[in-house]
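I opened my notebook to record what I looked up in this structure, working slowly from one part to another. The entries follow in the order in which I made them.

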Amino acid sequence: GWRSRAAFKLIELDERFHLIHPGMKVVDLGAAPGGWSQVLVKRGAAQVVGVDLLPVEPVSGAEIIEGDFTDPDMAGRLTAMLGGRADMVVSDMAPNTTGHAPTDHLRIIGLAEEALHFSFEILAEGGTFVAKVFQGGAEKAMLDTLKQAFALVRHAKPPASRKDSAELYVVATGYRPQRLEAAA
Ligand code: SAM
């Protein structure tokens with residue numbers, strides 16, 4: 001069985017957008033307890049590396065790094081393990097909440113933006129980025145960056161995501177690094 005209810009969200013996103021392809025290399029940011037990594041392996045990804053601050057019970061077919069994705073050596077460690085860049089970066093990360101809504105909102109946005117910028121370091125051309133964002137979707141600045149860097153940017157709330165939660169996912173496909181460089 002799946003280790004998390006969150007697993008169903010990735011299954012639903014994959015059913016709608018056909019994200020997971022046989023042979024692909026995927027980095028799963030915020031992998032604990034391992035549900036998304038299980039789905040990625042089961043649906044045919046060739047290599048899955050999960051990263052989390054928390055320990056993760058071994059997931060058959062996936063590799064796990066216990067650590068913070070913002071560690072300065074993380075991009076290098078991941079590309080070394082993958083033997084190159086990733087075809088897809090998925091992030092189901094959520095920051096610890098403080099209970100102070102404005103602070104929590106800023107933290108959530110900050111984490112998604114950091115995940116996006118991290119993906120630029122490890123994603124192959126044509127690659128896919130999937131991340132949890134909140135409320136109206138990606139904030140304006142993040143959305144502008146996404147639209148520059150990817151051919152197609154969509155938002156989705158998978159049915160398994162609770163109706164009363166503000167969570168949404170951004171699904172960006174067709175990474176085009178040269179567009180990003182031109183804009184810089
Ligand atoms: N998709 C997972 C699954 O299906 O099992 C559930 C992920 S859970 C909602 C979010 C995870 O993000 C938490 O385990 C948390 O430790 C992790 N996380 C938050 N900030 C992180 C960071 N800076 N680096 C690595 N992991 C982080």
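Before starting, I noted that a residue counts as buried if 20 or more other C-beta atoms lie within 10 Å of its own. I also noted that this is a predicted model.

Entry on helix 2. I looked up residues 35-42 and found that seven of the eight residues of this helix are buried, so helix 2 is largely enclosed by the rest of the structure. The buried ones are Gly-35, Trp-36, Ser-37, Gln-38, Val-39, Leu-40 and Val-41. I then asked what covers the buried residues of helix 2. The cover includes helix 1 (6-17), strand 1 (25-29), strand 2 (47-52), strand 3 (62-66) and strand 4. After helix 2 comes Gly-44, and I wrote down that its phi is positive, near 105 degrees.

Entry on the strands. I followed strand 4 (residues 86-91) to strand 5 (residues 123-134), which run parallel and are joined by five bridges, and I saw that Val-89 stands opposite Phe-129 in strand 5. Between strand 4 and strand 5 the chain passes through helix 4 (residues 101-122), in a β-α-β crossover that is right-handed. Strand 5 is also joined to strand 7 (residues 167-175), by six bridges, and these two run antiparallel; here Val-133 has Leu-168 in strand 7 as its bridge partner.

Entry on Met-142. Leaving aside residues up to four places away in sequence, Met-142 touches Ala-112, Glu-113 and Leu-116.

How values were computed
Residues are numbered from 1 along each chain as its sequence is written. This is a predicted model: local features need pLDDT of at least 70, side-chain atom pairs count only at pLDDT 80 or more; totals for chains, interfaces and linings use all residues. Two strands pair if DSSP finds at least two bridges between them. Helices (H or I, at least four residues) and strands (E, at least two) are DSSP runs, numbered from the N terminus. A crossover is right-handed if, with the strands pointing away from the viewer, the path from the first strand over the helix to the second runs clockwise. Two residues are in contact if their C-beta atoms, placed from the backbone, lie within 7 Å. A residue is buried if 20 or more other C-beta atoms lie within 10 Å of its own, exposed if 12 or fewer, and partly exposed in between; C-beta atoms are placed from the backbone.
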